[in-house]
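Here is a friendly walk through the salt bridges of one protein model. Have the sequence and the 3D view at hand as you read.

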Amino acid sequence: VYAAALPQGDQLNGRPLHFESISDFEKRLTTNVTGALLCVRSASKLMLASKSMRVILLSSAAGWAFTKGFGPYNVSKAALNNLGASLAEEYGASFPENLVQINVIDPGEARTEMNQGSHVSPNEILDMIGALLTTPKENGPNGKFFHRDGRSLPFCCSRPHPIKQ
């Protein structure tokens with residue numbers, strides 16, 4: 001499970017895509033996207049050796065949003081969503097003899113360091129994580145998007161996948 005993220009900082013007059021330093025933009029992409037790729041690459045050696053590769057990336061509905069003032073964060077989450085689906089396709093096609101399930105969860109507005117105002121416990125995502133980590137191969141999703149409450153979310157070319165918690 002990959003859950004690291006750098007939040008949106010200063011909104012820079014509602015135009016951070018224009019005014020944010022390239023250095024800050026790159027730091028967010030490095031943490032929110034490149035970090036996930038590096039973790040999957042590193043862990044894949046052990047997972048593929050055991051014939052079971054289950055990866056969950058925590059993203060955000062911001063990856064589907066175009067909210068003024070939050071462009072850099074939205075862009076990084078859109079890239080993370082695409083990374084999850086792309087990794088799922090590549091690993092699934094490259095290692096068909098293995099169980100490969102790489103999926104993305106939107107935890108919603110949970111109370112975290114980034115979101116102190118929420119009253120939703122970050123533990124509410126645990127049932128969904130458990131469901132994805134224990135789904136049998138023949139019924140398991142790969143390259144899909146879910147909300148913490150179990151809803152399957154459509155995203156671009158990805159069709160929803162029914163999963164029971």
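The sections below cover the ground rules and then the charged pairs.

## Ground rules

This is a predicted model, in which local features need pLDDT of at least 70, side-chain atom pairs count only at pLDDT 80 or more, and totals for chains, interfaces and linings use all residues. Residues are numbered from 1 along each chain as its sequence is written, and side-chain values use heavy atoms, with hydrogens and water left out.

A salt bridge here is a side-chain nitrogen of Lys or Arg within 4 Å of a carboxyl oxygen of Asp or Glu. The count comes to 4 salt bridges.

## A buried pair

E20 and R28 join their side chains in a salt bridge, at 2.9 Å from N to O. Buried means under 20% relative accessible area, exposed over 50%, and partly exposed in between (1.4 Å probe, protein chains only). E20 is buried at 10%, and R28 is buried at 6%.

Helices (H or I, at least four residues) and strands (E, at least two) are DSSP runs, numbered from the N terminus. D24 is partly exposed at 37%, and K27 is partly exposed at 47%.

## A pair between loops

Which residue meets E124 in a salt bridge? The partner is R148, at 3.8 Å from N to O. E124 sits in the loop between β2 (99-106) and α4 (126-134), and R148 in the loop between β3 (145-147) and β4 (152-153), so the pair ties together parts that are 24 residues apart in sequence. E124 is partly exposed at 44%, while R148 is buried at 15%.
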